Amino acid sequence: MNTWLIRRTLGAAVTLLVAVTLVFFLMRLTPGDPLSRLGEERPLPPEAVAALKARYGLDQPLPRQYAAFVGGLLRGDLGASIEHNGRPVTALLAERLPPTLLLGGTALLLNFSFGIWLGVWQAARHGSRADRAATLVTLVAYAMPSFWLGIVLIWAFATELRWFPVGFMRTPWLSADAGWWARLTDLGWHLVLPALTLSVSTMAATVRFQRAAMIEALGSDAVRTARSKGLPERRVRWGHAWRNALGPVLALFGLWLPLLVAGSVFVEQVFSWPGLGSLVAEAIGSRDYPVVMGATLLVATAVVAGNLLADLLHRWLDPRLRAP
Amino acid sequence: MTPTRLCTIVALLVLGGAPPLAAQQAPRGTLVIAIPREPVAPIPSLWRNDQASREVSDLLFLHLADPDPAYRLGDERAWVPRLARRWTRRDSLTLAFELDPRARWEDGTPVTSRDVVLGLERGRNPALAAQTATLLTRIDRVTAEGDRVVVVRFAQAYGEQFYDAVFHAPPLPAHLLSGIAPESLATSGFVAQPVGNGPYRYSRRVAGQQLELVANDGFFLGKPGIGRVLFLTVGSPEARAAMLLAGEVDALENIFALPNWARLEKLPEYHVYPLPGLGLNYSSFNSRANGDTTLPHPLFADVAVRRALALALDRERMSRAAYGPLTRPPGAPVSALVARAVDAPPAPPHDTAAARRLLTASGWTDHDGDGILDKDGRALQFRLMVPSVSASRIRMATEMQEAWRRMGVAAELDLVEPAVFTERRNALRFDMDMYGVNQDPTPSGLTQSWSCAGIGGSNVLRYCNPRVDSLLARAQVQGRGAPRTYGQALRLIAADAPVIFLAALVAGTPVHRRFTGVRIRPESTWADVWRWSLRPGAALERDRR
């Protein structure tokens, strides 16, 4: 197990390095000048352009820029944002990451809790009218673009019914001295629409995966044996069949862990959620290389960690994978 | 008079003279403004190209003087005193400002002449504020005479010295910033908690969501009417429109920049204030060959082609459809605000017949019958570069494409990201583009973009007409005759047709009717909110928090 883990971790580190290296060079090969927005309306004088390039290391040859980036990375320094007046990228990401994690985490929780339950529920009613109706609903949900769904939810529940706010993570005029309960309920109220929007399509996929795996597990010999022993159906379903049907869903979990960081870019824009979404979208548009690289590192880390975690859980659940 | 009657009169006087309890406790209100970008650094000298930062900064850091409502920027007697209580002209090159002794920084320190010198020094430092510095090159030196008097000396005599001295670089607190290296200011603690001298104080910032200002009740020009101003960052136009519909914001910059503005404009809770702005949109012809600036452009070097393409467009209708009913096409490179200060020519009428005649006279006919005009074997076709994020400009470009197609001109739209757009425009790697700019509020800004001297700077298109230069130079030093001379220069530019002038933006700024005394400034939309107040009885829940 230890050798496997070391090998896997090293592999993950190499993947991470390759990902950020690729993005580093691709971003710089993409047309567009990182100083362009500063001179959008009134071009900067050549000496000011030269000074800014020197300040952000853009006057250096590409290999030297890359070496400086990797060197900084090893020291935990992601550089300074061009768009944000030289603010450290780590400070910007630290400010914006918690809201994104909160939204992504809530969506992931909704996705797996409800998705698994509905998948199991459907599998137990396999072929029934209720199963077919639920399949149709999940198919529609799966095909729905999240930004479109967000706009529809805002129109229905925020502007028309006014049950929920149009956007943001907290009520803008809520006093800074408000008690923890007021702040918590306010946060929950703001989370409903964006978390629902973000989780709907992924939840539909979870339902479909869980349903298929569960149908297979419910037909297995192990489940037939459990039933023949007279175990209650609930225990058979959740204690025996579900454990065997968890593999594909765990693989999905690994796939969707990056959702915590990257999946919400569009949804954050629609709901004015103050997370990484708007920061990254602006940074890409204005070619703010340091911020794009910092965000890439975060997303790549989430992808690699998600896959590693999924593998670990898989091995923990399936003893056959642990065999030497 | 009996004691009983006396007591009754006294009681009536006391009760009648005192405001009712409800009025005593009436909230001063919270003004919620939605803005499209986060104000990253609302500190003078750090604004760079960021209008949001500048507008917030104008509530924190006062200028020496503000423009009068008629915007007579070239007339130094018309300006409204702010930090400076009076000013005198010592000679044609020297202005002296006397500071108002009541002016204080938030921490109680008086505003002194050293603060004014520091603000202008930082604004003139190209390493810190490159764009402001290019505007202030004609200031020779700024000196303090004691604590209360600042003398600004100019390198040459010109009509807008006063504007340069007061508009671009407000005073900064020398007692707080002297210990911070200029290049470190952007990352210093001062940016996180700036100390200003304006009607509002910086209260808090929620990263990516809002910036909150609270009234500076000790403001020397009077207590602000509104207690709190919240600037909410709402990047998506759809979200800004939804917030207006849901009543979650009190004001935003331009209703016509939102989807379905015709519906939003009719919301009964909001009054839409017209705001002649600084925005100017035009479609530029590249006079040089696309990508090779040594050669003339094969199509657009011919002024007849440029004029014909302009005449073929119904700009009146197009500009209204894209930017709202208040916007009109200009006849020259002047925004709606600057147009007030000059004798600007009107936009030429839509005349497709004249356009066809011009092209035919220039030799453009459909020789090969493919539906596209051609001349000497070259088809009249080109690419029109459009920034992919601007829905209005894409809409206009599509209409232009269609109008030209009907005349036998083929334009292919080239949608590119803003960063690519600016890079290609500055390198002259395009045929035509759809450009939008916020002009300076004075006509003297024309020199930067439309004179031969501006080439290499703001004059990206390399437009050069010595007669225009001479008129612009004359207008800058003229007094009363300046509007006419500027008008002559503008007519020459219009005749040369280096661009197609599409829209001089007049925004519609919706403000909730619960506010009174609303006045909106064209160059800094929210700078006067301290003079607004909440109507009695119009408070909402958010005003009481």
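Mentor: Start with the contact itself, where 54 residues of chain B are in contact with 47 residues of chain A, contact meaning heavy atoms within 4.5 Å. This is a predicted model, in which local features need pLDDT of at least 70 and side-chain atom pairs count only at pLDDT 80 or more, whereas totals for chains, interfaces and linings use all residues. Residues are numbered from 1 along each chain as its sequence is written, chains are lettered from A and ligands numbered from 1 in the order in which they are written, and side-chain values use heavy atoms, with hydrogens and water left out.

Trainee: How much area is buried between chain B and chain A?

Mentor: The size of an interface is often given as the accessible area lost when the parts come together. Here the buried area (accessible area, 1.4 Å probe, that two parts lose on being put together, summed over both) is about 4,500 Å², and carbon and sulfur atoms give 51% of it. On the chain B side, Arg48(B), Asn49(B) and Gln209(B) supply 14% of the area buried against chain A, more than any other three residues.

Trainee: How many salt bridges does the rule find across the interface of chain B and chain A?

Mentor: The rule, which asks for a side-chain nitrogen of Lys or Arg within 4 Å of a carboxyl oxygen of Asp or Glu, finds 5 salt bridges there. One of the salt bridges joins the side chains of Arg205(B) and Glu95(A), at 3.1 Å from N to O.

Trainee: Which domains does the assignment give for chain B?

Mentor: Domain bounds come from an automatic or database domain assignment, and for chain B they are domain 1 (30-41 + 183-276 + 508-544), domain 2 (62-178) and domain 3 (277-506). The centres of domain 2 of chain B and domain 3 of chain B, taken over C-alpha atoms, are separated by 36 Å, and the contact takes 11 residues from each of these two domains.

Trainee: What area do domain 2 of chain B and domain 3 of chain B bury between them, and which residues of domain 2 lose the most?

Mentor: The two domains bury about 800 Å² between them, with 55% of it on carbon and sulfur atoms. Within domain 2 of chain B, Tyr71(B), Leu135(B) and Glu160(B) lose the most area to domain 3 of chain B, together 44% of what that side buries. Across this interface between domains the rule finds 0 salt bridges.
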